[in-house]
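Have the sequence and the 3D view ready, and try each exercise before you look at its solution.

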Amino acid sequence: MPPRIVTVRQNILKANDHTAAENRAAFRAAGVRAINLVSSPGAGKTALLERTLRDLGSELRLAVAVGDLATENDAARLRQWGAQAEQIVTGTVCHLDAAMVQGVLPRFDLSALDVLLLENVGNLVCPSSYDLGEAARAVLISTTEGEDKPLKYPTMFNTADVVVITKMDLADAVEFDRALCRENIDRARPGVPVIELSSKRGTGLDAWSAFVRGERF
C-alpha cells in the first residue's frame, strides 16, 4: 500500500486540475490571455510586471493577480501604474493554486481585459505542480542567482513556455556565464524560447512584449 500522503497529494492535484480547467474555460470565453509568472524570490517578477504595465498599458487592457504569503506590497506597487491589481494572500501556502485564482476572478471584469498576469509566490518547487488555467507559463531566472538553477529545479523549467533571464544589466558585475545558463536551460527544457532582458534599462523588452501579446518573437 502506498503512503497515505501520496494518495492525498494525488487527490489534491486532481481537484486542482479540474478547477484549472474551469479557469481556462472562463479565460477563453472572455478572450483573456492568462500568463503565470514563476520564479525564486527576488528574481524580478514585480519589476517586470511594472515595466509591462508601463510599456503596454496603453495598448492592452492589463490586470494582475498577485500571490504573496502575507503582504499586499506588490499589488500596491503595481496599482501605481493604473492597472487593477488584486492580492491573493496565501498564508502558509508557498504557491498559488487554481482555487485561489478562481476565488479572485469575481473581482475582475474579464470582458474588459486582454491579459491577466498571475504573479505566483516566489518559489521554484511547489508552483510547478499546480496548473492555474493559464495559457502560458513564464519562468524567470536572474543573472544574480547562478547559472545552475535550471539543473537544480528541472521540474519547474520543464513546465515553462518561455524562460526569461532578468537583470541582464548586472550580468558583467556578477560574472554571469550566459552561454552556460542557456545550455542548462536547454538541458532542462530543450528548445524552450529564452528572453534576456533588463527591466531597469529596458533592454530585451520587445520580445517579452510580443510574448505577452501571444505573438511570435
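The exercises below go through the sheet and then the cores of this predicted model.

**Exercise 1.** Find the order of the strands in the open sheet, and name the edge strands.

*Solution.* 
- Step 1: Strands of a sheet pair through backbone hydrogen bonds, either parallel or antiparallel.
- Step 2: Walking across the open sheet, you meet seven strands in the order β3-β2-β4-β1-β5-β6-β7, and their pairing is parallel.
- Step 3: β3 (84–89) and β7 (194–196) each pair on one side only, which makes them the edge strands.
- Step 4: From one strand to the next, the twist averages 20°.

**Exercise 2.** How many bridges join β2 and β3, and which residue in β3 is the bridge partner of G67?

*Solution.* 
- Step 1: β2 and β3 run in the parallel sense, with six bridges between them.
- Step 2: Look for G67; its partner in β3 is I88.
- Step 3: Now turn to α8, which packs on the sheet and touches β1, β4, β5, β6 and β7. The direction of α8 makes about 130° with that of β1.

**Exercise 3.** Which residues touch the most other members of the largest nonpolar core?

*Solution.* 
- Step 1: This core has 28 residues, and V64, W208 and F211 touch the most other members.
- Step 2: Elements that each supply at least two of its residues include β1 (33–38), β2 (62–68) and α8 (205–213).
- Step 3: Leaving out residues up to four places away in sequence, the contacts of V64 include L49, L53, F108 and L116.
- Step 4: Another core, of 17 residues, lies apart from the largest one; among its members are A63, L105, L110 and L132.

How values were computed. Residues are numbered from 1 along each chain as its sequence is written. This is a predicted model: local features need pLDDT of at least 70, side-chain atom pairs count only at pLDDT 80 or more; totals for chains, interfaces and linings use all residues. Side-chain values use heavy atoms; hydrogens and water are left out. A nonpolar core is a set of buried Ala, Val, Leu, Ile, Met, Phe, Trp, Tyr and Cys residues joined through side-chain atoms within 4.5 Å. Buried means under 20% relative accessible area, exposed over 50%, partly exposed in between (1.4 Å probe, protein chains only). Helices (H or I, at least four residues) and strands (E, at least two) are DSSP runs, numbered from the N terminus. Contact means heavy atoms within 4.5 Å. Two strands pair if DSSP finds at least two bridges between them. Axes are lines fitted to C-alpha atoms, for helices over the stretch in contact, and angles run from 0 to 180 degrees between N-to-C directions.
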